[in-house]
Amino acid sequence: MPLIVVYNPVCGDRKGAQLTTETVLPLLTSRGLTPDKVAATEHAGHAGTLLLSYINGLTPSERAEGITLILVSGDGTLHEIVNVLHGARTEKDGPIPSLRIVLVPGGTANALHATFFPPSSAAPDAEPTLLASLLAFLSAAPRLAPLTLALTSILPEGTCVVSAVVTSTSLHAAILHDSEALRASVPGIERFKIAAAQNATTWYRARARLLGPVQRYDAASGAFVALAEEHELLGPFAYFLSTVNVDRLEQHFRIAPLQRSLPPPHGTQTMDVLVIRPLRDPSLEGKDGEAEREVFKDRIWGALGGAYQDGAHVHARYANPDGKKDGPVVVEYFRVGGWEWIPEEDDEKAHLLCADGTIFHAQKGGKISSSVLARTAHDLDIAVYA
Ligand SMILES: Nc1ncnc2c1ncn2[C@@H]1O[C@H](COP(=O)(O)OP(=O)(O)OP(=O)(O)O)[C@@H](O)[C@H]1O
């Protein structure tokens with residue numbers, strides 16, 4: 001099977017080249033493996049085109065075998081690859097070969113790698129193991145985890161993007177959007193905190209339609225419960241985020257814990273959707289003034305803080321008027337086949353979309369539609385050594 005190594009020299013703390021030449025390649029050599037190609041990405045967007053031109057240079061029999069890609073990068077580089085391959089899947093040379101990926105986490109967040117190789121509960125603060133996926137590939141009985149992809153369309157213009165990790169609107173998209181604008185003045189991750197503070201009291205006016213099959217997590221029974229084929233959620237929203245494949249967005253931020261602790265049955269493709277709607281909080285009495293937003297700021301940070309406590313937020317509840325914390329759940333947790341997001345025309349920030357960290361804007365009057373890509377329909381067969 002053709003073997004290619006691709007590394008992003010500028011991802012994370014810029015150790016991709018060193019990690020590749022000093023660790024990955026010597027380990028392959030020690031196991032008698034010589035990659036057919038080793039390449040560095042030379043600019044943003046290069047990873048996908050580089051891999052595609054490698055694929056286009058393969059013989060039909062090599063294509064039929066599928067390829068192994070050792071990818072030394074963060075999630076953003078993988079996102080680029082998936083999108084280029086998805087765009088090329090109907091090219092005249094036939095289907096895209098199946099892709100077996102070895103993830104070597106060189107990025108900042110490395111959500112996929114952190115999901116497949118989470119920190120151990122015995123040593124939660126230990127440095128992540130960088131070679132776990134590579135060692136899985138080299139092992140006698142390697143395990144492959146197929147990736148589910150989400151295809152999101154911005155309508156009516158029809159812009160499409162494929163996500164392998166996260167698709168979001170509301171607070172998460174606003175933070176990613178505003179932190180990008182701060183990149184030049186605040187180069188470190190401090191800019192995410194500033195962006196979060198800027199958006200702390202913003203609510204997003206929109207309607208969301210969850211597309212079937214729709215299930216809601218019932219914290220009391222600890223199980224998903226089937227709902228109607230379509231399920232509508234009225235705003236305002238504070239948080240709306242969906243994930244495929246991952247239970248966390250960084251090593252300790254386990255925002256969608258049920259992706260791992262209550263996974264979908266083998267072979268099914270779904271996304272997990274997490275929603276926070278402020279007006280479910282009984283103490284706000286249905287009001288959405290400045291005072292209520294200020295009060296709710298602490299609620300949402302409190303709830304999201306639970307993601308850093310191994311996903312405890314999925315059990316958080318609002319207080320009832322008697323003060324007991326047995327009111328409605330703060331975070332509504334759904335498992336769905338897709339969703340639509342219809343922002344109110346005059347709410348500019350509700351038109352933002354984040355797909356694996358890339359920001360898009362829906363037009364006024366437009367909407368966003370996201371669905372899992374069934375493997376038969378998208379002709380991409382991508383799996384990760386886990
Ligand atoms: N040679 C290069 N010069 C400049 N940018 C590059 C180059 N190669 C890749 N990139 C860009 O680097 C960006 C960040 O890469 P990547 O996502 O791999 O790392 P990260 O952002 O540090 O990690 P993570 O996504 O896990 O937080 C990608 O969007 C990619 O387009």
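Trainee: Which helix gives the most residues to the shell around the ligand?
Mentor: First, a caution: this is a predicted model, in which local features need pLDDT of at least 70 and side-chain atom pairs count only at pLDDT 80 or more, while totals for chains, interfaces and linings use all residues. Residues are numbered from 1 along each chain as its sequence is written. Helices (H or I, at least four residues) and strands (E, at least two) are DSSP runs, numbered from the N terminus. The answer is helix 4, residues 75-87, which gives four residues to the shell.

Trainee: Which residues come nearest to the ligand, and of what classes is the shell made?
Mentor: A residue is near a molecule or strand if its C-beta atom, placed from the backbone, lies within 6 Å of it. Of the 22 residues around the ligand, the nearest are Cys11, Ala44, Gly74, Gly76 and Gly107. For classes, Ala, Val, Leu, Ile, Met, Phe, Trp, Tyr, Cys and Pro count as nonpolar, Asp, Glu, Lys and Arg as charged, and the others, Gly among them, as polar. Here the shell has 14 polar, five nonpolar and three charged residues.

Trainee: How should I read the domains of the protein?
Mentor: Domain bounds come from an automatic or database domain assignment, and here that assignment gives domain 1 (3-142) and domain 2 (149-374). Their centres, taken over C-alpha atoms, are separated by 29 Å. Two residues are in contact if their C-beta atoms, placed from the backbone, lie within 7 Å, and the contact between the domains takes 14 residues from domain 1 and 16 residues from domain 2. On the side of domain 1 that touches domain 2, helix 4 supplies the largest share, seven residues. That side of domain 1 divides into eight nonpolar, five polar and one charged residue.

Trainee: What is the strand order in the mixed sheet, and which strands stand at the edges?
Mentor: Strands of a sheet pair through backbone hydrogen bonds, either parallel or antiparallel. By the rule used here, two strands pair if DSSP finds at least two bridges between them. Six strands form this open sheet in the order 2-1-3-4-20-5, with mixed pairing. Strand 2 (37-40) and strand 5 (144-146) are the edges, each with a single partner strand, so one side of each has no neighbour in the sheet. Within this sheet, strand 1 (residues 3-7) runs parallel to strand 2, joined by four bridges, and Val5 has Val38 in strand 2 as its bridge partner.

Trainee: At about what angle does helix 1 run to strand 3?
Mentor: Axes are lines fitted to C-alpha atoms, for helices over the stretch in contact, and angles run from 0 to 180 degrees between N-to-C directions. Helix 1 (residues 16-30) lies across strand 1, strand 2, strand 3 (67-73) and strand 4 (99-105), and it runs at about 130 degrees to strand 3.

Trainee: What is the pairing in the sheet with the order 7-6-19-16-9-12?
Mentor: The pairing of these six strands is antiparallel, and the sheet is open. Its edge strands, strand 7 (159-163) and strand 12 (230-234), each pair on one side only, and the twist averages 15 degrees from one strand to the next. Inside the sheet, six bridges pair strand 9 (residues 206-211) with strand 16 (residues 338-343) in the antiparallel sense; Leu211 has Gly338 as its bridge partner in strand 16.
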